[in-house]
Amino acid sequence: MGQIDWVATTTDCWTAHLRSFLGVTAHWLNKETMKRESTAMTCRRLTGKHDYQLLGKELCKVHYQFEITEMVIATTTENGSNFVKAFSVFGPSEDESEEYQEHVSLSDAFNSGLIDEPDLLSHYRCAAHTRNLNATTDANRAELDSAYKKLSRSTFAKCQTLWNKFSRTTAANEIVSKEAGLQLVQPCATRCNSVFNSVARLNRIRHEKGNSAISNICHNLELPRFKDTEYEFLDTYESIMKPVAKALDILQGDKNTKFGFLVPTLKELRKRLEKQKSKHTENSSVCLPLVNAVLDAHTARRYVLELGLEYIRSHLVIDTDQQSSNECDNDDDDEFFKSKKKTTKSSLDTYLASDIIDATVYNGQCTAPLKQIALKLNTVLPASAAVVRLFSCGGLIMRPHRNRLTDDHFESALLLKLNSKFNTVA
């Protein structure tokens, strides 16, 4: 990583076979192509209580071990209170400058015991995890409406009964395959969009095979059948939650997703939810409380984009000042009276007005100063899904018949598998 200026990390904890691990992944942008590159850094054993002190110290050790302490811009984690407190206690205070780049050298600190507290940098909560909580927990507020509550609970009770029956017996599996030609999708509480995907699969079966397919399945499994109003509710639920599911899929990406995608994605999500609200208000739909609950949970501050543009302009002024200091000996009168702020504004406006969507947009003379800022700000990932994928791969390695792997052996096997693109054969 010697040629990389900025690195972002994601981290989380994972437990398997009564052992706990701390996973960390690193991400950066290629300077030439602006494409994201990633690597799995560690999946080391954690012992003891997973409190904020342990997590902060172990994460700081990882940053020091890989010599990226001064390169890390921010770390993205899920919303667990232990991670939030670790960065709240050991991260930079609010009164520190945003240009804070001085880090305590940890080489002698941890080894000699001179300090006990780690030194962490900026922290971002996983946007996908937050949006998923909005789509599930916060959406339950729609049940304050009695009509919606009655229809929603009756529909999902029948769906849950069907999903449970399907997952527990092979006979039920065979009946579903025969009638629908597709398998049902079982919801999982720890997976984003799981309820939406399960409902979407039921609707797909209905649209391809007709409502009779679901009715036959329920009849053969001796389960209560769905009413027409409940079928209509499933269609409406899918249409309302589809923009949310699409936004979550975008934010969870780790190859083509940049931090700059976050605000536009949330603004577009709110725009589509407002269209849904207008539609259901005109039709006096019973699902209007669901639209309102989801829309209220995804409230976006209108001035965020303006603050971002102001931040870029201010930093372009600084960069222009630094470049101009090297040109102060120029005797050209036109250059002598040239306004730096005007140049800065035109470079940003040129970039925003450009139709080019790849890295070549930064090749122009006007937009070149933006490249360093874009590299720095877009290095951070808006979601921590990358480290979750690391754990998924770890689950394939630490199977029940291999649960006696030593911690070091497991970590080595996992990193070799995930970082195979960096391996070279002599």
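Let us start with Thr10, which is buried at a relative accessible area of 1%; buried here means under 20% relative accessible area, exposed over 50%, and partly exposed in between, using a 1.4 Å probe and protein chains only. This is a predicted model, in which local features need pLDDT of at least 70 and side-chain atom pairs count only at pLDDT 80 or more, while totals for chains, interfaces and linings use all residues. Residues are numbered from 1 along each chain as its sequence is written, and side-chain values use heavy atoms, leaving out hydrogens and water.

Thr10 belongs to strand β1. Helices (H or I, at least four residues) and strands (E, at least two) are DSSP runs numbered from the N terminus. The side chain of Thr10 meets that of Thr25 in a polar contact of 2.3 Å. Such a contact is a pair of N or O atoms within 3.5 Å; within protein, one must be able to donate a hydrogen and the other to accept it, and residues adjacent in sequence count only if both atoms are side-chain atoms. Contact in general means heavy atoms within 4.5 Å. Not counting residues up to four places away in sequence, the residues that Thr10 touches include Val24, His27, Thr75, Leu381 and Val387.

Now widen the view to the sheet. Strand β1 (residues 7-16) runs antiparallel to strand β2 (residues 19-29), and nine bridges join them; two strands pair if DSSP finds at least two bridges between them. Ala16 stands opposite Arg19 in β2. In the loop between β1 and β2 you will find His17, a residue other than glycine with a positive phi near 55°. His17 is partly exposed, at 37% relative accessibility.

These two strands are part of an open sheet of five, ordered β3-β2-β1-β4-β5 with mixed pairing. Its edges are β3 (36-46) and β5 (122-125), each pairing on one side only. On average, neighbouring strands of this sheet are turned by 25° against each other, direction ignored; the axes are lines fitted to C-alpha atoms, for helices over the stretch in contact, and angles run from 0 to 180 degrees between N-to-C directions.

Next come the nonpolar cores. A nonpolar core is a set of buried Ala, Val, Leu, Ile, Met, Phe, Trp, Tyr and Cys residues joined through side-chain atoms within 4.5 Å. The largest has 47 residues, of which Leu184, Met241, Val244 and Leu290 touch the most other members. Among the helices that each supply at least two of its residues are α5 (146-168), α7 (194-209) and α9 (228-251), and α9 gives the largest share, ten residues. Met241 touches Ala135, Phe196 and Val294, not counting residues up to four places away in sequence. A second, separate core of 21 residues includes Val24, Trp28, Leu59 and Leu121.

Two loop residues are worth a visit. Leu221, in the loop between α8 and α9, is buried at 7% relative accessibility. Beyond its neighbours within four places in sequence, Leu221 contacts Leu162, Lys165, Ala172 and Ile175. Asn193 sits in the loop between α6 and α7 and, although not a glycine, has a positive phi of about 65°. Asn193 is buried as well, at 8% relative accessibility.

Finally, consider confidence. The chain averages a pLDDT of 81, and 80% of the residues score at least 70; pLDDT is the predictor's confidence in each residue, from 0 to 100. Over residues 95-115 pLDDT stays under 50, and over residues 336-345 it is below 50 too.
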